[in-house]
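Please open the structure in your viewer and keep the selection tool at hand.

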Amino acid sequence: MVKYVIKRILYAIPVFLGITFAIYLLINLAPGGPLAILASSGEMSQTDLEAMKIELGLDKPIVIRYFIWLADLFRGDLGTSYRTSQDVAMMIGQRIQPSLMLTGVGILGAIIIGIPLGIISAYKPNSIWDHISTFIAFIGASVPSFFLSLLLIYVLAVRLHLFPTSGMYSAGAGDDMMDLLHHLALPAFACGIQPIGNYIKQTKSSVLEVLNEEYIKTARSKGLTNPVIVIKHAFRNALIPVVTTISLSIPFLIGGAVVVEQIFAWPGIGSLMITAITSRDYPVIMGVAVLICAVVMIANLILDLIYAALDPRIKFQ
């Protein structure tokens, strides 16, 4: 297993380099830039702008700047924000916990709700639970996260006053856990509703497919009850495509969290990313991109290891 993990890490290096170079190239080729934003304020002369350009290294070719950034990254230096002059690693460190909390609760809730509903839908087709699961899957697949977020705020926060409209804590609440959960409920639901729909559909489809296998018919002929057959035999063998769906949903969940964080004023990586893009703060954009790449690659590696634990036929090579 150790050799497999090392091989996967080695494979991830060129992927990481390709992704970061593409992002670096795109943000530098995008219209405008940090100097253009400074020039629009009218507070700096052309001489000052030229001096700032040299100080920030923006006078060098893009490829040279990328390799300078990459060398600094390998030394553990993510650079300094153009906008705030703060260390990028420190800025990300302050925002990473709220983002991990939001996306973690969103995907965990989607797994806890979506997979059991998918199993019940496969076990009892055309039942009330099957209709409920189908409706939830339809909502998750069809309603954009930004629209759902605004709808939740209007109905549950503005009209019914059941939840706060924004933020992570109420004023003066300190680090109260119940207040945090109260603020977390709506954005986590907005993040998790689409994955819930995907997990329901994939789990139902996989379990139904497995239930038609010959060994399931053999288990029934031996007198095993349906719950035992579904939970002990069918579900485990249906988990591989479900785990794949979870793996593929992680990048989309992170992307959706960026929008949700902005709408709910959640102080996470997403809102930091939006601010950095607006102000053309290249070091912060690249720092967030590195974090997202690392999270997705680590998550995929962990899920590959889970594959082998679920199916003995999968070997580490």
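Begin with Val155, which is partly exposed because its relative accessible area is 33%; buried means under 20%, exposed over 50% and partly exposed in between, with a 1.4 Å probe and protein chains only. This is a predicted model, in which local features need pLDDT of at least 70 and side-chain atom pairs count only at pLDDT 80 or more, while totals for chains, interfaces and linings use all residues. Residues are numbered from 1 along each chain as its sequence is written, and side-chain values use heavy atoms, with hydrogens and water left out.

Val155 is placed in helix α7; helices (H or I, at least four residues) are DSSP runs numbered from the N terminus. Now extend the selection to Phe146, Phe147, Leu150, Leu151, Tyr154, Val158, Leu160, Leu162 and Val259: together with Val155 they form a nonpolar patch on the surface, with about 890 Å² of accessible area. Such a patch is made of residues with over 30% relative accessible area and no salt bridge, nonpolar side chains (Val, Leu, Ile, Met, Phe, Trp, Tyr) being joined within 5 Å. Accessible areas come from the Shrake-Rupley method with a 1.4 Å probe, and for residues only the protein chains shown count as cover. Helix α7 (residues 145-159) supplies the largest share of the patch, seven residues.

Next, display the aromatic side chains. The model contains six aromatic pairs, a pair being rings of Phe, Tyr and Trp (its six-membered ring) with centres within 6.5 Å; planes under 30 degrees apart count as stacked, over 60 as edge-to-face and the rest as tilted. Select Tyr24 and Tyr66, an edge-to-face pair at 5.8 Å centre to centre with 65 degrees between the planes. Tyr24 lies in helix α1 (residues 2-29) and Tyr66 in helix α4 (residues 62-74), so the pair ties together parts that are 42 residues apart in sequence. Tyr24 is buried, at 8% relative accessible area, and Tyr66 is also buried, at 2%.

Then move to Glu261 in helix α10 (residues 226-264). Which side chain of opposite charge is nearest to Glu261? It is Arg95, 6.1 Å away, and the buried Glu261 has no salt bridge, a contact that requires a side-chain nitrogen of Lys or Arg within 4 Å of a carboxyl oxygen of Asp or Glu. The side chain of Glu261 does reach the backbone nitrogen of Gly270, at 2.5 Å.

Key
Patches are made of residues with over 30% relative accessible area and no salt bridge: like charges are joined within 9 Å, nonpolar side chains (Val, Leu, Ile, Met, Phe, Trp, Tyr) within 5 Å. Helices (H or I, at least four residues) and strands (E, at least two) are DSSP runs, numbered from the N terminus. Lys and Arg count as positive and Asp and Glu as negative; His and the chain ends are not counted. A polar contact is a pair of N or O atoms within 3.5 Å; within protein, one must be able to donate a hydrogen and the other to accept it, and residues adjacent in sequence count only if both atoms are side-chain atoms.
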